[in-house]
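Have a look at the model, then read on.

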Amino acid sequence: MSDPPVMTLWRPQRQLLNLERGNPVDPATSRSLISVPTSAGKTLMAQLVICSHLAQKPGRVVYVSPMRSLGREMRAALRGRLRLLERKLVAEQPDFPLADGSGSLVGDVDIVTPERLMHMIRNNPGAALDEVSLIVVDEAHHLAQGRRGFVLESLLALLRTRSDTRLVLLSAAVGNRGALASWLDPARPAEEVYFTDDWRGPRRLHGLMYPKLLKGQAERTPRKPSKNQPSTTRATVPVAPRLDIRPTATSGTFGLTIPSVGTRAYASPNSWQWKAATKLTGGIADYEVFAAGAAALTRAGSVLMVVASKVIARNAARAMAKHLDIRPKAAALTEFLAETLGEQHPLVDCTRHGVAFHHADLPDDVLHAVEQGLRDGDLLAIASTTTLTDGVNLPVRTVIINHTVEGDPARGNQHGLSPAKLLNAIGRAGRAGRESEGWVILTRPYPPQAAEFETLTPDSERLTVTSELLSEDALRSLAHAELQLQNSLDGLFGVMGTVAADFAAFVWLVLQTHAETLHAPGDRLDSVRSLLAMEQADDPSVPARWMALAEKVTAVYDATDPVSTRRWASTGTSIGSARFLDQVARRLAEQLVAYAVPEDTLDEISVFFGPPEWPLEQTLDFLAEQGAFKNLLLTPEARGSWKLTNEQSKSLTFDVPIDNAVRDWISGTSIPELARTWMPDSIPSHPQMLELTVQSIKQAFEHAISWTAGALVNLVNTHPLLTPTTPRLFAQTAWHIRHGVDTEQAITLLTSGITSRRLAHQIGRAAAEAGIGSGQLRTWVADQQIDGWTTAYKANTYEIEDLLDYVSKPANPLNELLRGRPVTIPVARVGPGTGDGPVTLTHPGKKPTTISVNRDGNQIAAIPAARHHAVLTLIDSGLDLTHHLEAGQLVTTLAMASL
């Protein structure tokens with residue numbers, strides 16, 4: 001009765017619901033860790049916990065996901081389920097200023113990253129989570145993954161102290177679940193805190209793929225000897241993808257050789273010498289061989305290839321596309337991407353053949369469309385970095401790991417895939433409910449040994465989750481911080497861009513939270529002492545060193561005036577960057593004071609509404625004149641984020657002033673047009689130019705600049721120098737920088753589930769011109785209906801789905817029917833002279849089109865867009881229903897035979 005439908009529960013899900021003690025579905029269970037293998041239904045478990053909690057206990061729920069792709073998927077899955085409970089998702093909120101809870105956080109479930117939740121706590125330590133009664137943290141093994149891992153660890157350290165908030169962690173890759181459970185809830189036996197089961201979904205067939213030299217087909221020709229290669233013979237050898245397959249852990253292997261896809265040349269007539277030492281330049285690369293193998297495997301089902309870098313993702317996707325025909329099913333997706341990224345962007349030609357690539361430097365609306373394209377079967381294959389491996393339920397038959405793994409010999413600058421990331425990548429293989437097995441293939445650049453199959457089954461010891469503070473990188477950063485603080489505490493302001501800087505910022509937050517909490521219990525550094533690292537360290541000197549750093553941070557905190565300590569805690573940057581931003585904010589505030597209105601000129605209405613706020617355009621002018629954006633680029637958080645430089649070809653460098661670029665982006669200008677504006681002397685439609693434009697926008701505006709600009713504007717607007725008559729900068733400036741639109745209406749759409757910047761910009765402009773404010777926007781958009789969206793805005797399938805979710809009114813028609821009550825829904829476009837009587841409904845199919853109301857084979861009315869999902873729920877329920885048209889409304893009842 002919701003999407004995706006649940007036809008049955010798997011064994012781990014059933015066991016979870018039947019737990020007698022420590023059941024996470026029971027609202028009385030305060031702490032839980034759910035640790036089950038990939039493909040065991042973990043995502044549905046999270047949804048069961050969330051929906052069950054909302055049905056039994058008051059308060060909001062926060063779902064925390066380290067990956068935006070997983071957050072997008074959970075948002076899509078929960079919409080339908082919450083609709084049946086007559087509950088709603090919280091719209092995405094700006095970082096600065098934060099919603100105050102007075103109507104801004106309308107909804108019951110908030111979906112955030114760990115960074116976002118920490119930001120909420122930083123800016124309102126005392127009340128940020130007051131109405132939250134459950135927090136679900138997915139992919140909890142990210143505790144061990146770099147600086148982002150420490151963000152999650154510090155977040156959990158703070159949440160552990162909140163006895164009034166339930167905390168549920170989920171992961172498929174935790175080897176030391178008992179130790180983690182004990183840290184999460186020391187008061188209960190670990191076995192009552194964690195739930196585990198070794199059942200998994202479709203069985204996995206493992207394989208090893210490598211380039212095989214077809215030596216019997218080699219051609220030997222004379223060559224001129226050289227100093228490095230004295231042989232006078234050149235052997236040109238065909239190369240083919242070779243797949244060694246092991247159906248089960250105890251079975252033997254069998255081989256499959258795919259037809260040759262290229263050649264390699266060697267300076268030797270002897271096949272036993274055809275190795276790296278005699279290899280001549282040129283020839284087919286490994287990734288091309290593996291891409292050909294991946295393309296061949298699409299005949300059995302969709303393929304996900306996990307690669308080590310963004311460049312390899314693009315190149316592998318292009319190589320796969322060369323082996324596949326044009327795919328008509330992907331035409332709509334291709335059209336959308338061409339309009340969004342430019343016709344010549346390499347992703348566009350890939351999708352024509354049913355292939356895509358996916359990495360963090362692509363815009364969010366593009367990533368969303370690519371993910372949906374794979375789910376809908378429009379795409380056959382995706383080459384992706386690890387952005388798609390953590391928990392995302394993509395329907396792929398085969399996962400190919402074209403990436404070094406921990407323990408492999410180094411290949412260039414590649415960092416080996418950790419066992420946890422490997423296990424999560426493997427978990428994407430096999431479509432539960434569709435197929436009985438999934439294929440998992442590890443690539444090797446050489447003929448592998450049989451023992452290498454074991455790489456695909458990491459044991460629990462290799463899956464141990466260890467605090468990032470105990471890693472070699474973190475300990476090096478700690479040693480550097482100790483050195484900086486050796487002679488003066490002011491050295492703290494130079495600790496930037498490392499885990500030690502993140503630790504210092506966390507300590508500062510803990511101190512600030514304690515200061516703002518009335519009658520706070522315990523020592524003010526207790527939350528620091530409760531970090532996972534303090535329990536896990538084998539060497540007691542390591543926690544002692546971190547606590548010594550915490551004491552020095554405390555000394556600096558105590559020596560800083562209380563106003564500054566509060567302001568610096570709010571930025572989400574290092575302490576040094578926070579101080580720098582506050583210095584810039586003071587200079588800007590001093591300039592703003594000159595624009596203050598004399599107090600005796602204010603009327604009662606002006607006093608009631610508070611200080612005047614400049615519009616977006618005036619704010620951008622002011623920030624540019626004062627050099628604010630250039631100052632932001634001096635911080636470690638934003639340094640190097642704005643650079644139109646191709647990493648593979650340094651000669652492709654373009655100098656575009658950041659002030660101009662911000663304005664161009666906010667104007668809603670398309671990416672192809674931005675490339676033409678920023679690189680007028682080049683060929684802006686060239687694939688490299690388009691990629692460079694997309695990469696720069698993603699790194700600067702969607703991340704670094706928007707965050708630091710938001711922090712700066714917030715520091716200016718809250719500066720003590722400003723009087724009640726001093727104008728404030730436009731508070732939502734950072735939100736416009738992040739999304740690249742210039743109307744309030746477009747921001748409302750983009751923070752309410754609409755993912756397409758193009759669509760939001762067009763609708764926002766149209767609404768602004770029609771005088772439609774954000775409060776009226778939902779109804780105004782709904783009244784245009786699906787046909788109007790496609791006509792006026794050229795909305796594609798993905799965009800229409802988003803718009804339907806946006807305009808839908810919460811309803812639970814099935815509940816009414818099952819209680820014996822009729823369901824009444826207004827209809828649109830009723831033909832003149834249409835009388836009352838029985839009617840039928842036409843299912844829209846997979847593509848979202850208007851649901852027609854028919855009589856005698858002819859359409860006589862249509863279901864309004866705002867009621868589309870409610871009626872679709874009725875049609876998809878499988879119940880025997882009767883429909884009547886009565887006084888311009890559709891009246892649906894349960895047939896007597898079903899009662």
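Strand β4 and strand β5 (residues 166-171) run parallel, joined by four bridges; strands pair when DSSP finds at least two bridges between them. This is a predicted model, where local features need pLDDT of at least 70, side-chain atom pairs count only at pLDDT 80 or more, and totals for chains, interfaces and linings use all residues. Residues are numbered from 1 along each chain as its sequence is written, and side-chain values use heavy atoms, with hydrogens and water left out.

**Around strand β4**
- In β5, V168 stands opposite V136.
- From β4 the chain crosses through helix α5 (residues 146-159) to β5, a right-handed β-α-β crossover (clockwise from the first strand over the helix to the second, with the strands pointing away from the viewer).
- Strand β2 (residues 60-64) also pairs with β4, in the parallel sense and over five bridges.
- Here V62 stands opposite I135 in β4.
- Six of the six residues of β4 (residues 132-137) are buried, so the strand is largely enclosed by the rest of the structure (buried means under 20% relative accessible area with a 1.4 Å probe, protein chains only).

**Two packed helices**
- Helix α30 (residues 774-783) packs against helix α31 (residues 785-793) at an angle of about 90°, with the axes 7 Å apart.
- That makes the two helices, α30 and α31, roughly perpendicular (angles of 65 to 115 degrees).
- In α30, W780, V781, A782 and D783 meet Q785, W789 and Y793 in α31; contact means heavy atoms within 4.5 Å.
- The residues of this contact divide into five nonpolar, one polar and one charged.

Terms used: Buried < 20%, exposed > 50% of the residue type's maximum accessible area, 1.4 Å probe, protein only. Axes fitted to C-alpha atoms, helices over the stretch in contact; angles between N-to-C directions. Parallel < 35°, antiparallel > 145°, perpendicular 65-115°, else oblique. Nonpolar A, V, L, I, M, F, W, Y, C, P; charged D, E, K, R; others polar.
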